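Visitor: I am new to reading protein models. Could you walk me through this one?

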Amino acid sequence: MKNKSERKQLTVRQKNSIKDFLLVIPFLLLILVFSYYPLYGWVYAFFDYKPPFPLDWNKFVGFKWFVSMVENPVKVKKLVQVLTNTFAMSGLSLFFSWFPMIFAVFLNEISSVPFKKFVQTVTTLPNFISWVLVYAIAFSVFNSTGAINSVLMRLGIIEEPILFLQSSEHVWFKQWLWLTWKNAGWAAIMYIAAITSIDDSLMEAAKIDGASRMQCIWHITIPSILPTYFVLVMMSLANFLSNGMEQYFVFANSFNKAKIEVLDLYVYNLAMGSGGYSLSTAISILKTFVSILLLWLTNVVSKKVRGESLI
C-alpha cells in the first residue's frame with residue numbers, strides 16, 4: 001500500500017511538472033524568437049555588407065571590422081568619447097542608485113493613505129510615457145520660447161533666453177535628472193514590496209523600547225531592504241554598457257552630440273546614418289561579450305560577499 005501511495009504521489013508530481021512546463025513554453029518561444037534568433041545577424045560583422053543588397057558570401061572579410069576599431073585613430077578617438085559618455089551616464093545612475101530606495105522609505109512613512117497613493121501614482125506614471133513625449137514636455141517647458149524662459153524674461157531676470165536643451169554643459173547630469181524623473185517611482189516599487197514584508201513585530205518592539213521614527217528607519221527598515229538594493233545594484237553593474245538609446249536619441253542635437261552619444265546610440269547612428277552595418281554589428285558583439293563578463297564578475301562578487309549568486 002505504501003509503495004502504491006508513493007507511486008501515485010510521484011505520478012501526480014510528474015503531471016504537475018508537465019503542466020508547469022507547458023505554461024513556460026510560450027515564454028521560452030518568445031525568448032528564442034526575440035533574443036536568440038536575432039543573433040544570426042552577428043554574421044554581418046564578418047562580411048563587407050552594403051545594404052540593401054543581400055548578403056554576399058564572397059565578401060567574407062573575417063575580423064577586418066574588429067581590427068579596424070583599433071587601427072583607425074579617428075575611430076579610436078570616437079570610441080573613447082562614446083565610452084566616456086557611456087561610463088559617465090551609467091556611473092551617475094549607479095552612484096545615485098540609492099535614491100529610489102530612500103524615496104520608497106519616506107513614501108512608506110506617509111501616514112495619509114490617500115496622499116501616499118497619490119504620490120506613488122504621480123511618480124510612477126512617467127515610467128509609462130515614451131521618451132518622445134518626455135522630450136515634448138521638456139521642449140515646451142525648457143525651449144528658448146518655453147514656459148521657463150517666458151516667465152524669467154517677463155520678470156526681468158534674464159534678457160535673452162537660456163538654451164537649456166541646446167547647451168553642451170552638464171549634459172550628463174541633466175540626462176540623469178530626466179532618467180530619474182521618469183524611472184524613480186517605478187524603481188521604488190521593488191523597495192516598497194520589500195518594506196511590506198518586514199515583520200511588524202520588529203517595529204512594535206522598537207517603538208515600545210522608545211525608538212524614534214528615524215531610528216526605526218535607520219535600524220530596521222533600511223537594513224531589511226538592503227539585500228534588495230544590493231541585488232539591483234549588481235544587476236545594474238552587469239548592464240553597465242547598456243544605457244539604451246531612446247532617451248539620448250530624442251535629446252541629441254548638433255550642440256550636445258559629443259556629450260550625449262552613448263554606445264547604443266553610436267551603434268544606431270553608425271548603422272542607420274552612415275550605413276556601417278558591419279562595423280556596428282562588430283561593436284555590438286564586443287559589447288555583448290563585455291556585458292557577459294561583467295555579469296559573471298558580478299555573480300562571483302555576489303557569491304563571495306552575500307553568499308548567494310545572482311544566476
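Predicted model: local features only at pLDDT ≥ 70, side-chain atom pairs only at ≥ 80, totals over all residues.

Visitor: How many residues of helix 13 are buried?

Guide: Buried means under 20% relative accessible area, exposed over 50%, and partly exposed in between (1.4 Å probe, protein chains only). Leu263, Asp264, Leu265, Tyr266, Val267, Leu270 and Ala271 are the buried residues of this helix. Helix 13 spans residues 263-272 and is mostly covered, with a buried count of 7 of its 10 residues.

Visitor: How many helices and strands does the protein chain have?

Guide: Helices (H or I, at least four residues) and strands (E, at least two) are DSSP runs, numbered from the N terminus. Along the sequence the pattern is α-α-α-α-α-α-α-α-α-α-α-α-α-α. The protein chain therefore counts, by the DSSP definition, 14 helices and 0 strands.

Visitor: What is the radius of gyration of the protein chain?

Guide: This value is taken over C-alpha atoms, and the globule rule is 2.2 Å times the number of residues to the power 0.38. The C-alpha atoms fill a box of roughly 75 × 70 × 35 Å along the principal axes. A compact globule of 311 residues would have a radius of gyration near 19 Å, but the protein chain has 26 Å.

Visitor: Which residue has a side chain in polar contact with the side chain of asparagine 85?

Guide: Asparagine 85 sits in helix 3, and it counts as buried because its relative accessible area is 0%. Setting aside neighbours within four places in sequence, its contacts are Trp172, Ala258, Lys259, Ile260, Glu261 and Val262. A polar contact is a pair of N or O atoms within 3.5 Å; within protein, one must be able to donate a hydrogen and the other to accept it, and residues adjacent in sequence count only if both atoms are side-chain atoms. At 3.3 Å, the partner of asparagine 85 is tryptophan 172.

Visitor: Is histidine 170 buried or exposed?

Guide: Histidine 170 lies in the loop between helix 7 (147-154) and helix 8 (171-196). Its phi is positive, about 55°, although it is not a glycine. With a relative accessible area of 62%, histidine 170 is exposed.

Visitor: How far apart in space are isoleucine 283 and isoleucine 110, C-alpha to C-alpha?

Guide: Isoleucine 283 belongs to helix 14 and is buried, with a relative accessible area of 4%. Apart from neighbours within four places in sequence, isoleucine 283 is in contact with Met69, Leu79, Leu263, Tyr266, Val267 and Leu270. Isoleucine 110 is 173 residues away from isoleucine 283 in sequence, and the distance in space is 47 Å.

Visitor: What separates the C-alpha atoms of asparagine 183 and valine 301?

Guide: Asparagine 183 is in helix 8 and is partly exposed, with a relative accessible area of 27%. Asparagine 183 and valine 301 are 118 residues apart along the chain, and their C-alpha atoms are separated by 27 Å.

How values were computed: Residues numbered from 1 in each chain as written. Heavy atoms only, no water. Contact = heavy atoms within 4.5 Å.
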